[in-house]
Amino acid sequence: MTMQLSSRIFLGLFCLLVAILLLAPTLVVIPMSFNSNKSLAFPPAGFSWQWYDNFFTNPEWLLSLRNSFLIATVVAILATTLGTLAAFGVTRAAARTGGLLRAILITPMVVPGVVLAIGIYAVYLDTGLVGTVAGFVFAHTMLAIPFVLIAVSASLEVFDRRLETAAASLGAGKLTVFRTVTLPLILPGVLSGALFAFITSFDEIIVALFITSPYLKTLPVQIYSSITRDADPTVAAVGTLLFLATSFIIVAGLLIGMRRGRT
């Protein structure tokens with residue numbers, strides 16, 4: 001009993017240490033965003049809200065945020081639709097065929113980002129998609145589909161197909177079966193895939209640097225430009241806001257999951 005208690009304490013302390021190591025770089029950004037000096041520095045000198053004010057009043061930052069949100073929303077919708085359909089095809093194909101299709105579809109996760117960016121840029125030069133919303137959407141959708149495929153496939157692996165057979169035997173058509181039986185049961189996987197697709201697009205930087213233009217910048221590109229140009233603490237303010245928004249989404253998801261588990 002004493003040994004089990006010691007093991008639990010040790011594992012708890014180890015998990016706490018790992019959590020601190022993972023969160024430390026992010027938490028350092030928060031005080032840096034309130035620095036009164038016009039440079040990134042830790043510990044900060046003084047206290048000021050000017051960098052948050054600069055973010056919400058600077059047209060370049062707001063436009064890049066709007067571009068990222070618009071592109072990521074469209075990508076989430078497209079990638080979720082295509083990735084869900086692909087997951088159905090992979091999980092219900094023959095074992096060898098499904099494995100081959102899965103390997104092909106997750107290729108964007110395996111290939112180095114720079115290699116993909118060069119290939120996409122070369123294609124976009126000939127098609128005139130460099131610096132366009134459509135170009136960003138197509139490229140980011142390709143990068144996001146593997147995440148949707150994995151999330152939805154995990155839900156389909158534990159899905160009992162006998163429920164579909166039972167619904168069909170009662171006269172339900174294929175679309176009705178999918179809408180009333182299949183989709184509600186795999187919805188957590190679909191929503192997880194949509195969230196991953198949104199984040200993948202919103203946070204993507206490597207491909208975006210290759211296909212961006214002075215007239216269309218996403219938020220990661222704007223952050224990179226600001227860091228390389230003047231490195232003002234506005235970047236830290238943006239990072240803090242994104243951290244808080246992400247934390248809110250994660251906590252909300254955990255609370256919803258806990259509430260569903262109780263019911």
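Which helix supplies the largest share of the lining of the second largest pocket? The largest share, four residues, comes from helix 9. The structure is a predicted model, in which local features need pLDDT of at least 70 and side-chain atom pairs count only at pLDDT 80 or more, while totals for chains, interfaces and linings use all residues. Residues are numbered from 1 along each chain as its sequence is written, and side-chain values use heavy atoms, with hydrogens and water left out.

The protein chain contains twelve helices and zero strands. Helices (H or I, at least four residues) and strands (E, at least two) are DSSP runs, numbered from the N terminus. Along its principal axes, the C-alpha trace of the chain spans about 70 × 70 × 30 Å. Of the 263 residues, 32% are buried, where buried means under 20% relative accessible area, exposed over 50%, and partly exposed in between (1.4 Å probe, protein chains only). Among contacts (heavy atoms within 4.5 Å) between residues at least 6 apart in sequence, 68% join residues at least 24 apart.

Pockets were identified on a 1 Å grid over the protein atoms alone: a pocket is an open set of points with protein on both sides within 12 Å along at least five of seven lines, whereas a cavity is a set of points where a 1.4 Å probe fits but cannot get out; lining residues have an atom within 4 Å of a point. Grid points are joined across faces, edges and corners, and a volume is the space filled by probe spheres set on the points. The largest pocket has a volume of about 710 Å³. It is lined by 23 residues, of which Phe202, Asp203, Leu242, Phe243 and Thr246 are the closest to its centre. Two or more lining residues are given by each of helix 2 (50–57), helix 3 (59–91), helix 9 (174–203), helix 11 (219–229) and helix 12 (234–262). Helix 12 provides the largest share, nine residues. By class, the lining comprises 20 nonpolar, two polar and one charged residues; Ala, Val, Leu, Ile, Met, Phe, Trp, Tyr, Cys and Pro count as nonpolar, Asp, Glu, Lys and Arg as charged, and the others, Gly among them, as polar.

The second largest pocket has a volume of about 280 Å³. Leu143, Thr200, Glu204, Ile205 and Ile206 are the closest to its centre among the 16 residues of its lining. At least two lining residues come from each of helix 5 (107–110), helix 6 (113–127), helix 7 (133–157), helix 9 and helix 10 (206–211). This lining has twelve nonpolar, two polar and two charged residues.

Ser201 lies in helix 9 and counts as buried because its relative accessibility is 4%. Residues up to four places away in sequence not being counted, Ser201 touches Ile71, Ala72, Val75 and His140.

Two packed helices are described by the angle between their axes and the distance between the axes. The axes of helix 6 and helix 7 come within 12 Å and cross at roughly 145 degrees; axes are lines fitted to C-alpha atoms, for helices over the stretch in contact, and angles run from 0 to 180 degrees between N-to-C directions. At this contact, Leu116, Ile120 and Tyr124 in helix 6 meet Gly135, Phe138, Ala139, Met142 and Leu143 in helix 7. These residues divide into seven nonpolar, one polar and no charged.

Ser213 lies in the loop between helix 10 and helix 11. With a relative accessibility of 13%, Ser213 counts as buried. The C-alpha atoms of Ser213 and Tyr124 are separated by 12 Å, the two residues being 89 residues apart along the chain.
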